[in-house]
Amino acid sequence: MKAVNYAVLALFGAVLILAGLSLPDRGDPTAPLNRDKSAAGTPNAPSYYIRNPERDAATPNMVTVILADYRGFDTMGEETVILTAGLNCFLILRRERTKEKRR
Amino acid sequence: MMRRDDDAIISLVSRTVSPFIMIFALYVIFHGHYSPGGGFQGGTMLAAALILVRLAAGSDLAQLQFPRSWGTPLGSAGVLIYWGTGFVSMLCGGNFLNYAFLPVSGPPPHHRNLGILFIEVGVGLAVMGILTAIYDDLLEGRPHD
C-alpha cells in the first residue's frame, strides 16, 4: 500500500514539474498575463496596476495600493479570517472561570 | 511547571528592546505608502514586541503592559475600523470601500491615500490584538508562566 502511495506521489510531482516547464518565462512581454490588452481586447489588469497607482491614490508604493485599494475586498476578507482564527482560539482554549473556582 | 528564574540580563534586554521594536513597527505601518511594509507586517512586529516581554518577564508582570483582556477587543476594533471605512464611504455616496468618497478635504487621490492609511491602521490593530490573544489563549490553565 505504501508503494502505491509513493507511486501516486511521484506521478503527481511529475505532472506538476511538466506543467511548470511549460509556464512562460518571468517578465516575458508576450505572455498573456503581461500583455497590455487581453485576448478579448479589454485592458489587462496588471499593466493598469503598474501604470496608474500614483495617479489614482497619490501613493508611490504600488503594492500598498493594490493591496488596500484595488483589491480592498480581498484584504478585508483576510483580516476577517485573522479575527475568526483568534475568536476560534478564544472559544476552544479559554476555560470558564466559575468552574475553576468550584474545584 | 518549572519555577521561573529571573535573569537580570534577559529581563533588562527585553524591556529595553521592546519599545524600539514598537517604534519600528509603527514606522512600518505608517510608512507603508512609500516603502515595503503595511498593516500585516507592522502588526506582527507590534505583537512580537508584546510577546517578547511576555516570554521574558512572565505573563503576570506583562499584564501591566498589555492586559490579557485587551487582545480580542482590539482585534475586533481593527476589523471594525476596516469595515467602518467601507461603510462611511458608502454612506457618503460611493461604493463600499471606494475611498474617493470619504468626507475629507483635498482631491480624490488624497482621499484614497488617507483611506489606505485608515485600512492599514485597522489591519495593524487587528493583527496585533489577535496574535497576542492567541498567545494568551495558549497559556490558559498556566496563568503564571
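A residue counts as buried if 20 or more other C-beta atoms lie within 10 Å of its own, as exposed if 12 or fewer do, and as partly exposed in between. In this predicted model, Ala58(A) has 19 other C-beta atoms within 10 Å and is therefore partly exposed. Ala58(A) sits in the loop between helix H3 (53-57) and H4 of chain A. Its phi is near 55 degrees, a positive value in a residue other than glycine.

Leu97(B) also has a positive phi, near 65 degrees, and is likewise not a glycine. Most residues other than glycine have a negative phi. The place of Leu97(B) is the loop between H4 and H5 of chain B. Leu97(B) has 22 C-beta neighbours inside 10 Å, so this residue counts as buried.

## Confidence in chain A

The mean pLDDT of chain A is 86, and 92% of its residues score at least 70. Where pLDDT is low, the predicted coordinates should not be read in detail.

## Helix packing within chain B

In chain B, helix H1 (residues 8-30) packs against helix H2 (residues 39-57) with the axes 8 Å apart and an angle of about 170 degrees. An angle over 145 degrees counts as roughly antiparallel, and H1(B) and H2(B) are therefore described in that way. The residues of this contact comprise 17 nonpolar, 6 polar and 1 charged.

## The contact between the chains

Chain A contributes 28 residues to the contact, and chain B contributes 29. On the chain B side, helix H4 (71-91) and helix H5 (108-138) each supply at least two residues. H5(B) gives the most, with 15 residues. By class, the side of chain B that touches chain A holds 15 nonpolar, 10 polar and 4 charged residues.

One helix pair across the two chains is H4(A) with H5(B), whose axes come within 10 Å and cross at roughly 80 degrees. From H4(A), the residues Thr64(A), Val65(A), Ala68(A) and Asp69(A) meet Arg112(B), Ile116(B), Ile119(B) and Glu120(B) of H5(B). The contact of H4(A) with H5(B) is made up of 4 nonpolar, 1 polar and 3 charged residues.

## The largest nonpolar core

The largest nonpolar core contains 37 residues, and those with the most contacts inside it are Leu46(B), Ala126(B), Val127(B) and Ile130(B). Helix H4 (62-70) and helix H5 (72-93) of chain A each supply at least two residues of this core, as do H1, H2, H4 and H5 of chain B. H5(B) provides the largest share, 13 residues.

Which residues does Leu46(B) touch, leaving aside its neighbours within four places in sequence? They are Met22(B), Ala25(B), Gly124(B) and Met128(B).

## Met128(B)

Met128(B) is part of helix H5 of chain B. With 29 other C-beta atoms within 10 Å, Met128(B) is buried. Apart from neighbours within four places in sequence, Met128(B) is in contact with Gly43(B), Leu46(B), Ala47(B) and Leu74(B). Met128(B) and Ala48(B) are 80 residues apart along the chain, and their C-alpha atoms are separated by 8.4 Å.

How values were computed. Residues are numbered from 1 along each chain as its sequence is written. Chains are lettered from A and ligands numbered from 1 in the order in which they are written. This is a predicted model: local features need pLDDT of at least 70, side-chain atom pairs count only at pLDDT 80 or more; totals for chains, interfaces and linings use all residues. pLDDT is the predictor's confidence in each residue, from 0 to 100. Axes are lines fitted to C-alpha atoms, for helices over the stretch in contact, and angles run from 0 to 180 degrees between N-to-C directions. Helices (H or I, at least four residues) and strands (E, at least two) are DSSP runs, numbered from the N terminus. Angles under 35 degrees count as roughly parallel, over 145 as roughly antiparallel, 65 to 115 as roughly perpendicular and the rest as oblique. Ala, Val, Leu, Ile, Met, Phe, Trp, Tyr, Cys and Pro count as nonpolar, Asp, Glu, Lys and Arg as charged, and the others, Gly among them, as polar. Two residues are in contact if their C-beta atoms, placed from the backbone, lie within 7 Å. A nonpolar core is a set of buried Ala, Val, Leu, Ile, Met, Phe, Trp, Tyr and Cys residues joined through C-beta atoms within 7 Å.
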